[in-house]
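Please keep the sequence and the structure in view while reading.

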2 protein chains.
Amino acid sequence: MELAEAKKKFIETWGKLGSEWGINRTMAQVHALLLISPEALTTEEIMETLSISRGNANMTLRDLMGWGLIEKQHKAGERKEYFYADKDTWNIARQVAKERRKRELDPVLKALDELTKVEGDVNDPEYKTFNKSVTDINKLAKNVDRTLDTMLKAEESWFWGSIFKIFK
Amino acid sequence: MELAEAKKKFIETWGKLGSEWGINRTMAQVHALLLISPEALTTEEIMETLSISRGNANMTLRDLMGWGLIEKQHKAGERKEYFYADKDTWNIARQVAKERRKRELDPVLKALDELTKVEGDVNDPEYKTFNKSVTDINKLAKNVDRTLDTMLKAEESWFWGSIFKIFK
DNA sequence: TTAAACTTTCAATATATTTTGAAAGTTTAA
DNA sequence: TTAAACTTTCAAAATATATTGAAAGTTTAA
């Protein structure tokens, strides 16, 4: 396979994976493009390479910055803004986990906590089943949350740190 | 909060979480409904409770069965099919992980493996960056894959088994 | 067989999400 | 200042995804 072809395929693959994970395709593709670029790129270059509009490129780049996956770079003597991606996969995984935790897990935990507090008749099967499922799911969600928290601070924990080092 | 209200809220919350995780809202809602139902429900009952059409209900129920999250139940002397959900959260998490791995991770791993094999000039920064990123991501993806595999077989591994027991 | 009781299918429709692009806004150098 | 170089915004359009519901298909009991 040619390098050029391989690049296209990588961008496509990353885009598909992203869209399956609730990250929009373009965002994942821009990220992929920056991941394999040795140099920071301008909005123009990104627009051109991926055939997307200026507006789309701008929004996507801002989103990616919001996710902490890319950063702006200013080149001396130039007005244009350049963008580059953090290439450390471990950081990428951490950032994504961190953002999704904040955006998705936290609100769910809050809702579940309220729902476990709902009171009812212990002899009512409707109530019993409801309560058991909600409590169990809440327990699982809390554990996931706690693990993510530990993972995000992995550097500080010898235990998880040594486990996660395997992944690097 | 009333039980009835709490049920609605649970279905809504689960639906939202599902849609953020690439599982469609209705599918997650039907699953939520069955999770909190002490008895197996018919298609009719599900349609009515969630205000969805027969077609939608049918497709969703089949999808859920495909994911291994619900099962059909036949009641003696009745023609109708009843559906009920596995209420063990650990099983739910395992099933979801298993399905997503098969559907999403496996194809990506295959694509990445090919891309790491692409050859090029080691002095070309374009090639070097491409190769490094793809190789790193491939490594991470393989580790995730291996971990999921272990997790799905957790019962057999004293090491992971004892770690994951914490989650139950 | 037959017909009632169900389940499944799928083209049409509705809804949600993403993208565009032109206009407005901002910054900088002269 | 001013105007060129750039960035941002957002309503409208395009695209993608989910849902409907009526018709077709299947199963079962008599």
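A polar contact is a pair of N or O atoms within 3.5 Å; within protein, one must be able to donate a hydrogen and the other to accept it, and residues adjacent in sequence count only if both atoms are side-chain atoms. By that criterion, the side chain of A:Arg101 makes a polar contact with the side chain of A:Asp145, at 2.8 Å. This is a predicted model, in which local features need pLDDT of at least 70 and side-chain atom pairs count only at pLDDT 80 or more, while totals for chains, interfaces and linings use all residues. Residues are numbered from 1 along each chain as its sequence is written, chains are lettered from A and ligands numbered from 1 in the order in which they are written, and side-chain values use heavy atoms, with hydrogens and water left out.

A:Arg101 belongs to helix α5 (residues 89–116) of chain A, where helices (H or I, at least four residues) and strands (E, at least two) are DSSP runs numbered from the N terminus. A:Arg101 is buried, with a relative accessible area of 18%; buried means under 20% relative accessible area, exposed over 50% and partly exposed in between, with a 1.4 Å probe and protein chains only. Leaving aside neighbours within four places in sequence, A:Arg101 is in contact with A:Asp106, A:Asp145, A:Leu148, A:Asp149 and A:Leu152, contact meaning heavy atoms within 4.5 Å.

In chain B, helix α3 (residues 43–50) has B:Thr43, B:Ile46, B:Met47 and B:Leu50 buried. These residues cover an arc of only 100° around the axis, which puts them on the same side of α3(B); the arc is that of the directions from the helix axis to the C-beta atoms. The cover over the buried residues of α3(B) includes α1 (3–20), α2 (25–35), β1 (41–42), α4 (54–66) and β3 (81–85) of chain B. Just after α3(B), B:Ser51 takes a positive phi of about 50°.

Sugar and phosphate account for 67% of the atoms of DNA strand D that come within 4 Å of the protein.

| Protein atom | Phosphate oxygen of | Distance |
|---|---|---|
| A:Ser53, polar backbone atom | DNA strand C | 2.7 Å |
| B:Asn58, polar side-chain atom | DNA strand C | 2.3 Å |
| B:Glu81, polar backbone atom | DNA strand C | 3.1 Å |
| A:Arg62, polar side-chain atom | DNA strand D | 2.2 Å |
| B:Ser53, backbone N or O atom | DNA strand D | 2.6 Å |

The largest share of the surface near DNA strand C, five residues, comes from α4(B), whereas α4(A) gives the most to the surface near DNA strand D, with five residues.

Chain B can be laid on chain A with an RMSD of 0.0 Å by a turn of 180° and a shift of 0.0 Å along the axis, which is the relation of a two-fold axis. Copies are superposed by least squares on the C-alpha atoms of residues with pLDDT of at least 70 in both. Because 100% of the interface residues of chain B are also interface residues in chain A, the copies meet through the same surface.

Conventions. A residue is near a molecule or strand if one of its heavy atoms lies within 4 Å of it.
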